[in-house]
Amino acid sequence: MSSRKPHPRAGLDRDEIVAEAVRIVESEGSAALTMRQLSARLGVNPNTVYWHVGNRESLLSAIVAQKAEDIAGVQLKGTTPRARVADGVHRARAAIFESASVAVLAFEIGAEHLLIRPLAVAIASEFEAAGVNGLDAGLATVSLLAVVSGFTTVELRRKERAADGLAPDALSDGAWRGLTEFDHHDAAFDLAIEAILDAVLPAS
């Protein structure tokens with residue numbers, strides 16, 4: 001039996017395969033993505049898919065990388081470095097929600113940092129342009145994106161969350177609502193981001 005690889009289908013390229021894989025993940029979730037299903041959707045033999053993208057793990061990484069490329073062309077908005085940094089952070093959060101299934105996939109394979117890496121670079125560049133020391137610029141960016149990661153992880157798993165029950169005696173009803181209700185997450189997110197920005201890049 002020959003061990004030679006089969007020749008790929010004429011006209012089919014890696015980008016087309018990855019694009020179709022992204023569509024499957026976004027419509028059905030990462031668990032639905034198999035090499036067999038992908039090849040069926042493309043109308044080719046599974047070996048053709050392997051020829052172009054390698055194994056499933058390589059394909060999953062390529063999906064995250066493709067989404068990162070989509071984010072890479074974003075131009076941060078704002079008249080000051082602080083405003084542009086804040087815009088970048090909010091765009092990072094929005095990018096995860098806009099591609100929630102890919103974001104979940106990125107978390108599953110430990111590549112969530114790669115998904116928003118283009119925005120991370122843009123944010124760190126704004127810090128440096130504002131005179132923040134190189135290391136501090138990197139650390140501030142990591143801190144901001146850790147907030148993004150934490151909030152989005154909780155919010156993406158909202159439906160799986162167990163009921164919180166009644167407020168404990170030690171807290172007022174208002175404090176308990178702020179602690180447990182998702183309706184207040186935007187305010188909590190802004191509070192965390194502003195606290196970091198105040199420490200690193202105070203408003204003039």
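Modeller: Contact, as I use the word, means heavy atoms within 4.5 Å. This is a predicted model, in which local features need pLDDT of at least 70 and side-chain atom pairs count only at pLDDT 80 or more, while totals for chains, interfaces and linings use all residues. Residues are numbered from 1 along each chain as its sequence is written, and side-chain values use heavy atoms, with hydrogens and water left out.

Colleague: Happy with that! Which residues of α6 and α9 meet?

Modeller: From α6 they are Ala-100, Ala-103, Val-104 and Phe-107, and they meet Ser-149, Thr-152, Thr-153 and Leu-156 of α9. By class, this contact has 5 nonpolar, 3 polar and no charged residues. Ala, Val, Leu, Ile, Met, Phe, Trp, Tyr, Cys and Pro count as nonpolar, Asp, Glu, Lys and Arg as charged, and the others, Gly among them, as polar.

Colleague: And what angle do the axes of α6 and α9 make?

Modeller: The axes of α6 (residues 100-108) and α9 (residues 134-156) cross at roughly 115 degrees and come within 11 Å.

Colleague: Why is α6 called roughly perpendicular to α9?

Modeller: The label goes to angles of 65 to 115 degrees (under 35 is roughly parallel, over 145 roughly antiparallel, the rest oblique), so α6 counts as roughly perpendicular to α9. The crossing of these two helices is left-handed, a word for a near helix turned anticlockwise from the far one by less than a right angle, with clockwise being right-handed.

Colleague: What makes His-185 count as buried?

Modeller: Its relative accessibility is 11%, and therefore His-185 is buried (under 20% is buried, over 50% exposed, in between partly exposed, with a 1.4 Å probe and protein chains only). His-185 lies in helix α11 (residues 185-200). Beyond its neighbours within four places in sequence, His-185 touches Arg-93, Phe-151, Val-154 and Glu-155.

Colleague: Why is Trp-51 called partly exposed, then?

Modeller: Trp-51 has a relative accessible area of 35%, which means it takes the partly exposed label. Trp-51 sits in helix α3 (residues 46-53).

Colleague: Now the whole chain. What does its secondary structure come to?

Modeller: The protein has 11 helices and 0 strands.

Colleague: How do you know that the protein is more spread out than a compact globule?

Modeller: Its radius of gyration is 21 Å, well over the 17 Å that the globule rule gives for 204 residues, so the protein is more spread out than a compact globule. The radius is taken over C-alpha atoms, and the rule is 2.2 Å times the number of residues to the power 0.38. The C-alpha atoms fill a box of roughly 70 × 50 × 25 Å along the principal axes, and 36% of the 204 residues count as buried.

Conventions: Axes are lines fitted to C-alpha atoms, for helices over the stretch in contact, and angles run from 0 to 180 degrees between N-to-C directions. Helices (H or I, at least four residues) and strands (E, at least two) are DSSP runs, numbered from the N terminus.
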